Amino acid sequence: MSGPALKPSQRVGIVGVISPVSQAAGTATSGWIDATTFHNFMAILKSGVLGASATLDAKIQQATDNSGTGVKDVTGKSITQLVKASNDNNQVTIDLKQEDLDFNNGFKWFRVSVTVGAAASLVDATVLGFDPRYGFGTDNDLASVVQNA
């Protein structure tokens with residue numbers, strides 16, 4: 001069975017999050033995600049109300065292990081900055097394929113990084129894995145996912 005015959009939760013897994021937070025000026029990151037569990041990924045960033053003059057940046061970073069060894073940005077995997085003047089309550093996505101990572105040099109782990117500038121702002125991010133290499137998408141969900149109805 002594949003494609004439309006599967007339930008959406010069998011095709012997609014929740015593999016990374018930055019839980020909703022009023023983030024002070026600074027950076028929040030998801031945990032490190034093993035890029036070998038799915039073929040494709042999508043980070044979804046959601047802004048709530050941004051603080052006065054606040055900015056919001058997001059990017060994908062890569063590393064050689066799940067503790068962040070050799071962390072570096074993934075080229076071309078960042079958003080255009082969101083700003084208070086026009087981006088309260090907006091959403092953006094960043095697509096990622098395995099080939100976007102520096103696999104040849106051992107970079108098979110990645111995370112989403114969100115940086116708030118100037119003032120505390122409401123943010124959250126979710127990273128979804130699509131097209132699991134083995135089994136169902138839900139087999140690779142984070143431990144914090146408590147239900148797939």
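**Rings and strands**

User: What makes Phe-38 count as buried?

Analyst: Phe-38 has 0% relative accessibility. Buried means under 20% relative accessible area, exposed over 50% and partly exposed in between, with a 1.4 Å probe and protein chains only. Phe-38 is therefore buried. This is a predicted model, in which local features need pLDDT of at least 70 and side-chain atom pairs count only at pLDDT 80 or more, while totals for chains, interfaces and linings use all residues. Residues are numbered from 1 along each chain as its sequence is written, and side-chain values use heavy atoms, with hydrogens and water left out.

User: What about Phe-41: buried or exposed?

Analyst: Phe-41 is at 3% relative accessibility, so Phe-41 counts as buried.

User: Why is the pair of Phe-41 and Phe-110 called edge-to-face?

Analyst: Rings of Phe, Tyr and Trp (its six-membered ring) pair if their centres lie within 6.5 Å; planes under 30 degrees apart count as stacked, over 60 as edge-to-face and the rest as tilted. The ring centres of Phe-41 and Phe-110 are 4.8 Å apart and the planes stand at 65 degrees, so this pair is edge-to-face.

User: Why is this pair said to tie together separate parts of the sequence?

Analyst: Phe-41 belongs to strand 4 (residues 38–47) and Phe-110 to strand 9 (residues 109–117), so the pair joins parts that are 69 residues apart in sequence. Strands (E, at least two residues) and helices (H or I, at least four) are DSSP runs, numbered from the N terminus.

User: How many aromatic pairs are there by this rule?

Analyst: The count is two aromatic pairs. Phe-38 and Phe-41 form one that is edge-to-face, at 6.0 Å centre to centre with 70 degrees between the planes. Ring pairs link Phe-38, Phe-41 and Phe-110 into a cluster.

User: How do you know that Lys-72 lies over the face of Phe-107?

Analyst: A charge sits over a ring if NZ of Lys or CZ of Arg is within 6 Å of the ring centre and within 35 degrees of the ring normal. Lys-72 lies over the face of Phe-107 at 4.3 Å from the ring centre.

User: Which strands does strand 4 pair with?

Analyst: Two strands pair if DSSP finds at least two bridges between them. Strand 4 pairs with strand 10 (residues 121–132) in the antiparallel sense over nine bridges, and with strand 8, also antiparallel, over seven bridges. Phe-38 stands opposite Pro-132 in strand 10, and Met-42 opposite Asp-95 in strand 8.

User: How many residues of strand 4 are buried?

Analyst: Seven of the 10 residues in strand 4 are buried, and strand 4 is mostly covered.
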